[in-house]
Amino acid sequence: MKRYLYNYQTIVTFSEPISGHAVLLRCQPAANDFQTIEQEHIVAPPDYRLTAGTDAFGNRILYGGARSPRSVFAYVSTGIVAIGKYSQKLHGENLFLYRQPSHLTAINDVMREAAATRGGMTATEKAKELCHRVFEMMEYVPESTTVDTPASDVFIRQCGVCQDYAHLMIAFCRANGIPARYVNGFLKGTGATHAWVEVFDGCAWQGFDPTHDCQLVGQGYVKLAHGRDSADCAVSRGMFCGRAVQQTQINVTLQEL
């Protein structure tokens, strides 16, 4: 196993003071078959009362908020995780959820034709081919899409960011009857959060990163959460009272110890 130090920082600024700020955070690494949490710390404003729980997909969440007016909300999630071979057994998940199109991974006939694979291939072989196909098809262009851009639009534009690569690969996998789900987390280095795909090979969930043409994810990936698509497992969500415009700055560092 390899050990990694992670540091995730978010600063949300508001154009004018807001009140009644409620948040739901998925900023803590998952505890699973390949990932062990050795240390973890959350630093948030003292007046935010955060409660730990899990969502419908079994992801760890923190939820709560504060009523007093503010113009900035900032928090840090940091700690140490140990990572083994990326493979997660089935733990009561309903595979039907991950075979069906979701709002952001719906597929049309043209996409279905583009997703076609040869007969006689295993689920892993198909996933590897589709991972590479998406990588070859797409061009990485920041700010060319939004958080709400569906795979059908991504397929037409053939550009986007890691979220879009993941949604398109998921759509292609499900078109082949392969259970696939969206994953967000940290990638070794410095930047923002990253998105990739987990595919169920008949025995376990395996990781694929179409953004980097990584067929079977290895070390250097820390998983936070998963869902049918990105809407199910956003790292940070919030609501507030007021008409302010918010800006969010995210910084992630993941380094091997």
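**Backbone and packing notes**

I looked up Asp213 and found it in the loop between β12 (204-209) and β13 (214-215), strands being DSSP runs (E, at least two residues) and helices likewise (H or I, at least four), numbered from the N terminus. I kept in mind that this is a predicted model, in which local features need pLDDT of at least 70, side-chain atom pairs count only at pLDDT 80 or more, and totals for chains, interfaces and linings use all residues. Residues are numbered from 1 along each chain as its sequence is written, and side-chain values use heavy atoms, with hydrogens and water left out.

Asp213 is not a glycine, yet has a positive phi of about 55 degrees; most residues other than glycine have a negative phi. With a relative accessible area of 22%, Asp213 is partly exposed (buried is under 20%, exposed over 50%, partly exposed in between, with a 1.4 Å probe and protein chains only).

I then turned to Leu216, in the loop between β13 and β14 (221-227), where phi is near 85 degrees, again positive, and relative accessibility is 35%.

Next I checked helix α2 (residues 123-137) against α4: their axes come within 10 Å and cross at roughly 140 degrees (lines fitted to C-alpha atoms over the stretch in contact, with angles from 0 to 180 degrees between N-to-C directions). In the contact (heavy atoms within 4.5 Å), residues including Ala127 and Leu130 of α2 meet residues of α4, among them Tyr165 and Leu168.
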